[in-house]
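Subject: Structure handover

Hello,

Here is the structure I promised to pass on. Please open it first, then read the notes below.

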Amino acid sequence: MTPDAYRARARGASVPRVGSGCATFRAGVYVSGMSDGTLARSYGKVFNEVAVEYERNRPTYPDALVDQACKVAGVRRGDRVLEIGCGTGQLTRSLLARGLRVTALEPGDQLIRVAEETLKDAGDVELVHTRLEDTRLPLASYMAVFSASAIHWVDPDLSWRKIADALAPNGTLALIQYFGLQEQRSVDDQEALLSALRRHAGEAAATWPAYRDLECTIAGVQERRQNIADAWAWLGSYDIGRDYAADLFEDLQLATVPTLIEYTAGELNAMLGTMSFWARLSPDQRDALINENHAIHKRLGRPIRASTLAALLTARRSAPAPQR
C-alpha cells in the first residue's frame, strides 16, 4: 500500500465498527479518522515515534506461552480472535502462524504501518487503526481476546467490560507481557542500572515497577485470582485494577517463562529507547543514562545481565448472572 493510499483511507469513517460494515483485507488495513487529542491519550502516541526501533529491539513472546494461551482458549485454525494493541505485530505474527484469523486494533499510525509491512502475506489479519475505547465491537463474537504489553494503556473503567462483551460464552482473555524478575544471577547488575536511574531520573525511578522473585510472583497472583484486573495491576504496578472485573471473568491461570538476558550497552540503550519512561526524560537525562550504561558494561567486562519473566494470564468469560 502506498503512503497516498494510506492517507486516503485515513479520511474514512470516524467510528469503526469491527467485523460488520468494516472492510476486511488479507493483511490489509481499515483506518478511522482520529483527532490528535484522541491519539495523544492513547498508548499509540508513546511508541508511535519509535515504531521501527520498537520492532527491531523489543523481544518477541515465547512460543510456549502463545501455545498455552491457545490451548486454554480452545482456539483452532480458522477461528477469529481479537488482539488489543498489536503494535508492530509481534504477537500477531505468532497468532497467524497458528492459523488464527486475527482482528488487531492499534491506535498508532506509524506502528500500524510497520505491522502492515511485517504481516504482509502472513495470514488472515484485519488491522484496525483505532483505540479499543473508540471501537464498536460485535457482541459475543470472539473465542479469545489477546493483548501483549498493551492493556494497561486502555481506560480501565470500560476496558474489562468491553472485552467481556466481545467474548463468546466461555471465551478467554489472554494477557502476555515481560516483567522484571528478581534473581540471584542478575540482581547486582539490575541494582547498578536502577542506581543510575535514581541518580539521573529520580521521578522515573520512583515509579519503577517492583522486581519480585518467581515464588512471590506466583503467590501474589494466586492471592488475586478472583479478579484478573487486580492480578494484572499487581504484576505490573499498574493502576488498572477494577472491582467490577471480578464479575466478568473466572478461572484465572498463570503461566511463566523466566529468562536471563545479556545486553551490550548499545543493545540495552536501544531497548530502553523503546520504553514509555524514556519519552518523558530530558535529552540530558537520556545522555547521562546512556553514558552510565556504557560505564557499567565496561566495568563489568561482560554483558549486562537482566532477568525477565514472560507471563501469561488467562481468564474465562463468566456466565452472565440470570435475570430476576
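Leaving aside its neighbours within four places in sequence, which residues is glutamine 190 in contact with? They are Leu181, Tyr211, Arg305, Ala306 and Ser307, where contact means heavy atoms within 4.5 Å.

Before the rest, a word on the basis. This is a predicted model, in which local features need pLDDT of at least 70 and side-chain atom pairs count only at pLDDT 80 or more, while totals for chains, interfaces and linings use all residues. Residues are numbered from 1 along each chain as its sequence is written, and side-chain values use heavy atoms, without hydrogens and water.

**Glutamine 190**

Glutamine 190 lies in helix H9. Helices here are DSSP runs (H or I, at least four residues), as are strands (E, at least two), numbered from the N terminus. Glutamine 190 counts as buried because its relative accessibility is 7%; the cut-off is under 20% relative accessible area, with a 1.4 Å probe and protein chains only. Its side chain reaches the backbone nitrogen of serine 307 at 2.8 Å.

**The largest pocket**

A pocket is an open set of points on a 1 Å grid over the protein atoms alone, with protein on both sides within 12 Å along at least five of seven lines; lining residues have an atom within 4 Å of a point. The largest pocket has a volume of about 1200 Å³, counted as the space filled by probe spheres set on the points. It is lined by 48 residues, and the closest to its centre are Tyr178, Gly180, Trp208, Pro209 and Met275. H9 gives the most to this lining, with five residues. Among the other elements that give two or more are helix H13 (265-272) and helix H15 (283-300). The lining divides into 30 nonpolar, 14 polar and four charged residues. Gly counts as polar in this scheme, and Tyr, Trp, Pro and Met as nonpolar.

**Helix H8**

H8 covers residues 156-166, and its buried residues are Pro156, Ser159, Trp160, Ile163, Ala164 and Ala166. Seen down the helix axis, they fall within an arc of 170 degrees, so they line one face of H8. The arc is taken from the directions from the axis to the C-beta atoms. These buried residues pack against several elements, including strand S2 (80-84), strand S5 (142-148) and helix H12 (228-236). Aspartate 155 caps the N-terminal end of H8, with a side-chain oxygen 3.0 Å from the backbone nitrogen of aspartate 157.

Best wishes

Conventions. Buried means under 20% relative accessible area, exposed over 50%, partly exposed in between (1.4 Å probe, protein chains only). A polar contact is a pair of N or O atoms within 3.5 Å; within protein, one must be able to donate a hydrogen and the other to accept it, and residues adjacent in sequence count only if both atoms are side-chain atoms. On a 1 Å grid over the protein atoms alone, a cavity is a set of points where a 1.4 Å probe fits but cannot get out, and a pocket is an open set with protein on both sides within 12 Å along at least five of seven lines; lining residues have an atom within 4 Å of a point.
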